[in-house]
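Subject: Structure for you to look at

Hello,

Here is the structure I said I would pass on. My notes follow below it.

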Amino acid sequence: MRYRLTFIVGAAVGYVLGARAGRERYEQLRKGARRVAQNPAVRNTAESAAQNGRAMAARAFDKVGDKMGDRMPGAIGDRVRSLRERGQGNDDDWGTSNT
């Protein structure tokens, strides 16, 4: 009950403060977030992090596949391969490539 009450009070305070800040402040925050997202350094870092994450996931899948061998159900391997193929060659919403 205490957590629910804390959440409701927090939501109410956030609503009041947001309403007082108004549309102008919202637009300022939105422009700032867009500027950060379009910064080349941020985009390069995000893209390299995504590439590293995909590479690590592929290595982990290969290691698990080697250890599990034929004991891993075929549906899992097919699902991972289809997800990997589906994302190739497309740009995501942030403008980074899914390579």
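How much accessible surface does the protein chain have, and what share of it belongs to carbon and sulfur atoms? The surface comes to about 8600 Å², and 58% of it belongs to those atoms (Shrake-Rupley method, 1.4 Å probe; for residues, only the protein chains shown count as cover).

This is a predicted model, in which local features need pLDDT of at least 70, side-chain atom pairs count only at pLDDT 80 or more, and totals for chains, interfaces and linings use all residues. Residues are numbered from 1 along each chain as its sequence is written, and side-chain values use heavy atoms, with hydrogens and water left out.

The protein chain has three helices and zero strands (DSSP runs, H or I of at least four residues for helices and E of at least two for strands, numbered from the N terminus). Of its 99 residues, 6% count as buried (under 20% relative accessible area; exposed is over 50%, partly exposed in between; 1.4 Å probe, protein chains only).

Leu17 sits in helix α1 (residues 2-38) and is exposed, at a relative accessible area of 53%.

On confidence, the mean pLDDT is 77, with 68% of residues at 70 or more (pLDDT is the predictor's confidence in each residue, from 0 to 100). Where pLDDT is low, the predicted coordinates should not be read in detail.

Regards
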